[in-house]
Amino acid sequence: MVSLQFDLTSDSEQDAFFGAFFKFVEAAAVDDADAISMHSDTQGDPHIKVVTFEDQGLAEQFQSYWSQRRRWLGL
């Protein structure tokens with residue numbers, strides 16, 4: 001399992017992140033429901049989202065997708 005943290009500093013960035021996350025999950029056609037999960041930071045910071053992936057490859061794909069999406073949206 002691989003966990004990545006994302007610091008989402010604005011409401012618009014959070015909205016964009018959720019949209020990107022769900023589009024990625026849908027496009028990845030993940031068979032196992034536990035292959036990707038998202039939750040807020042355990043320290044209670046609502047701006048930090050932690051995404052856990054089944055494997056490194058999936059984590060890298062999402063990280064690349066989110067980076068491209070942020071640039072495209074100007075975030």
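Let's start where two strands meet: β1 and strand β3 (residues 48–53) run antiparallel and are joined by six bridges. The model you are looking at is predicted, so local features need pLDDT of at least 70 and side-chain atom pairs count only at pLDDT 80 or more, while totals for chains, interfaces and linings use all residues. Residues are numbered from 1 along each chain as its sequence is written, and side-chain values use heavy atoms, with hydrogens and water left out. Strands (E, at least two residues) and helices (H or I, at least four) are DSSP runs, numbered from the N terminus.

**The sheet**

- Three strands make an open sheet in the order β1-β3-β2, with antiparallel pairing; two strands count as paired if DSSP finds at least two bridges between them.
- β1 and β2 (36–40) stand at the edges with a single partner strand each, so one side of each has no neighbour in the sheet.
- On average, neighbouring strands of this sheet are turned by 20° against each other, direction ignored; axes are lines fitted to C-alpha atoms (for helices, over the stretch in contact), and angles run from 0 to 180 degrees between N-to-C directions.
- Which residue of β3 is the bridge partner of Gln5? It is Val50, and Val50 is also the bridge partner of His39.
- Phe6 stands opposite Lys49 in β3.

**Faces of the strands**

- Strand β1 (residues 2–7) has a covered face with Val2, Leu4 and Phe6, while Ser3, Gln5 and Asp7 lie on its uncovered face.
- β3 is covered on both faces, with Ile48, Val50 and Thr52 buried on one side and Lys49, Val51 and Phe53 buried on the other. Here buried means under 20% relative accessible area, exposed means over 50%, and partly exposed is in between (1.4 Å probe, protein chains only).
- Because six of the six residues of β3 are buried, the strand is largely enclosed by the rest of the structure.

**The helices**

- Helix α1 (residues 11–28) lies across β1, β2 and β3, and runs at about 160° to β2.
- Helix α2 (residues 56–73) also lies across β1, β2 and β3, and runs at about 15° to β1.
- Not counting residues up to four places away in sequence, Glu13 touches Asp7, Leu8, Trp66, Arg70 and Leu75; contact means heavy atoms within 4.5 Å.

**The nonpolar core**

- The largest nonpolar core has 17 residues, and those touching the most other members are Phe6, Phe17, Ile36, Val51, Phe53, Phe62 and Trp66. Such a core is a set of buried Ala, Val, Leu, Ile, Met, Phe, Trp, Tyr and Cys residues joined through side-chain atoms within 4.5 Å.
- At least two residues of this core come from each of β1, α1, β3 and α2.
- The largest share, five residues, is supplied by α1.
- In soluble globular proteins, nonpolar side chains tend to be buried together.

**Phe53 in focus**

- Phe53 is found in strand β3 and is buried, with a relative accessible area of 0%.
- Leaving aside neighbours within four places in sequence, the contacts of Phe53 include Met1, Val2, Leu4, Phe24, Ala35 and Ile36. Leu58, Ala59 and Phe62 are also among them.
- Phe53 and Leu75 are 22 residues apart in sequence and 24 Å apart in space, C-alpha to C-alpha.

**Aromatic rings**

- How many aromatic pairs does a search of the whole structure find? There are 10; rings of Phe, Tyr and Trp (its six-membered ring) pair if their centres lie within 6.5 Å, and planes under 30 degrees apart count as stacked, over 60 as edge-to-face and the rest as tilted.
- Phe17 and Phe18 form an edge-to-face pair, 6.4 Å centre to centre with 70° between the planes.
- Phe17 is buried, with a relative accessible area of 0%, whereas Phe18 is partly exposed at 29%.
- Phe21 and Phe22 have ring centres 5.2 Å apart and planes at 80°, so this pair is edge-to-face.
- Phe21 counts as buried, at 6% relative accessibility.
- One aromatic cluster is formed by Phe6, Phe17, Phe18, Phe21, Phe22, Phe24, Phe53, Phe62, Tyr65 and Trp66.
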